[in-house]
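Here is a short note to read beside the model. Please keep the sequence and the 3D view open while going through the points.

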Amino acid sequence: MTMAIRSVGDVHSRKPEPPPARASLLWSWQTHTIHSKWITKPSLTQVKEYQATSTGVGWLLLHIFFQNSTPGNITTLQTLRSNAKHRPKSAHPSGQNGNCGAHAVSQPGKELWPVGPDQPAPPLLQERGLIAGDGIGREVVPAGRRALEALPASVGLKFDFVNLDAGFETFERTGAALPNVTLETLKTECDGALFGAVGSPTHAVKGYSSPIVALRKKLSLYANVRPVKTVRSNPRRIDMVIVRENTEDLYVKEERTFDAEDGSGKVAEAIKRITERASFRIASMAGEIAVRRHKVRQASGAGSAREPTVTITHKSNVLSQTDGLFRTTANVALANYPVTVEEQIVDSMVYKLFRQPETYDVIVAPNLYGDLLSDGAAALVGSLGLVPSANVGDSFVMGEPCHGSAPDIMGQNIANPVATLRSTALMLEFMNEEEAAAKLYTAIDANLEEGKILSPDLGGKAKTDEVVEDILKRL
Ligand SMILES: NC(=O)C1=CN([C@@H]2O[C@H](COP(=O)(O)OP(=O)(O)OC[C@H]3O[C@@H](n4cnc5c(N)ncnc54)[C@H](O)[C@@H]3O)[C@@H](O)[C@H]2O)C=CC1
Ligand SMILES: O=C(O)CCCC(=O)C(=O)O
């Protein structure tokens, strides 16, 4: 799934200076250095000029995202995605309803991007790729589309959609699980997407390979950000974000099977690849998210007592080279952030996560552990059908519910659409469409708080469509 965003604003032939942000920190991986520069508030004309001419590459740090960076503190490193093609927005006024703090906290009198009757923001036409995939992916992705279509005009967004194929059914029909046209459309026309789920078989099928794993790698979506939270009325206050490395570890899928030399049977082995580069950038994103979440908590008056904390999860007591590199590098990266850094070996992490989930803020993990932890955490908040994710790269965001194709309930119109709706909101949040994201989060939370129209996984009797209707009417 992809989305391409075109500005309908003025077009200028001259490439202007990029619009200044209040704080902009440029990060260079090669040198591990951080350059900060403080610049002044841009005019809307400058913003529109820049949007109209920028390639979007290299200026990832220009947005509202950095509005609240504090002089003297290195609070910003690798961005959570700020494509210069995207329109910068004023911060969500409450600053309370984001999952990751990917949106900025508003400060009265300090709006970075002025919007109002005198300076109306230009409307955008956004083209989004929708990859429904298999099973319940086909039942929940339409809900995401409907939510985008139902967003009130006040948020100033318009959407076009392109349906793209991928998955096991696509493989059986066409011989390709991820057709070239899907990938090329995503790469060339889009900078974002919404993905449902695919139903990969648990046995090897010649020619088939998981398209979602391939997409994450081919689109360089190096982070999988998975917020797990309870709604406010729930006495159990769970509110954490699992930041999962998304491109390597055992997911490089370099496996082989061969006969044991001693004739004792077959041997299968797989490469677990961990790189310094990927570990550094994922830990940096975790640090960034922890800082942003803390600012949101402070602004909402809900939790200045809770320090921003990142828990590095690994198994370096056994895998001292691979997980050892992840652990060491993550510590180096996180030293750049004003956050408390903790470590937890992944097995006891599971134990503590189940025993005391309320104590976790941001967890950063290599690919496989991150996947396992987030499914476990989903059980703690009620259902896999509630937990969203965003696959995030430097120039592309793909929302994706954490669940799979759920063949046991497919075709019955009982899949919980909330994970996909939250993934849609999370995608908007990471694309700096904070206001639209906040509206969707608020509508979803209102449905869950009221607890009357819930899908069966949450103990309700409502059909998927009824849950969607109830949420959309709250928009
Ligand atoms: N990102 C993706 O495309 C993923 C795909 N899968 C694939 O999905 C297929 C099924 O895998 P499973 O292990 O069964 O995991 P699953 O996540 O599809 O289902 C696990 C359990 O959670 C329930 N569930 C999941 N989503 C739900 C929703 N929205 N509402 C209500 N209940 C929900 C299912 O009914 C099932 O009982 C496999 O082929 C697997 O490879 C699994 C995980 C992720
Ligand atoms: O079924 C598939 O094709 C891939 C399942 C992907 C997954 O579980 C993950 O997020 O790691």
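The points below start with the basis of the model, then take up the protein and its ligand.

1. This is a predicted model, in which local features need pLDDT of at least 70 and side-chain atom pairs count only at pLDDT 80 or more, while totals for chains, interfaces and linings use all residues. Residues are numbered from 1 along each chain as its sequence is written, chains are lettered from A and ligands numbered from 1 in the order in which they are written, and side-chain values use heavy atoms, without hydrogens and water.

2. The protein has 12 helices and 15 strands; these are DSSP runs, H or I of at least four residues for helices and E of at least two for strands, numbered from the N terminus.

3. Of the 475 residues, 57% are buried, meaning under 20% relative accessible area (1.4 Å probe, protein chains only).

4. Among contacts (heavy atoms within 4.5 Å) with a separation of 6 or more, 75% join residues 24 or more positions apart.

5. Ligand 1 is surrounded by 20 residues, each with a heavy atom within 4 Å of the ligand. Ser200, Glu400, Gly404, Ala406 and Asp408 are the closest.

6. Nitrogen atoms of ligand 1 take part in polar contacts (N or O pairs within 3.5 Å). A polar side-chain atom lies 2.6 Å away in the case of Glu400 and 3.3 Å away in the case of His403. For Asn416, a polar backbone atom is 2.8 Å from a ligand nitrogen. Of the 800 Å² of accessible area that ligand 1 has on its own, the protein covers 68% (Shrake-Rupley method, 1.4 Å probe).

How values were computed
Buried < 20%, exposed > 50% of the residue type's maximum accessible area, 1.4 Å probe, protein only. Polar contact = N/O pair within 3.5 Å; in protein donor to acceptor, adjacent residues only side chain to side chain.
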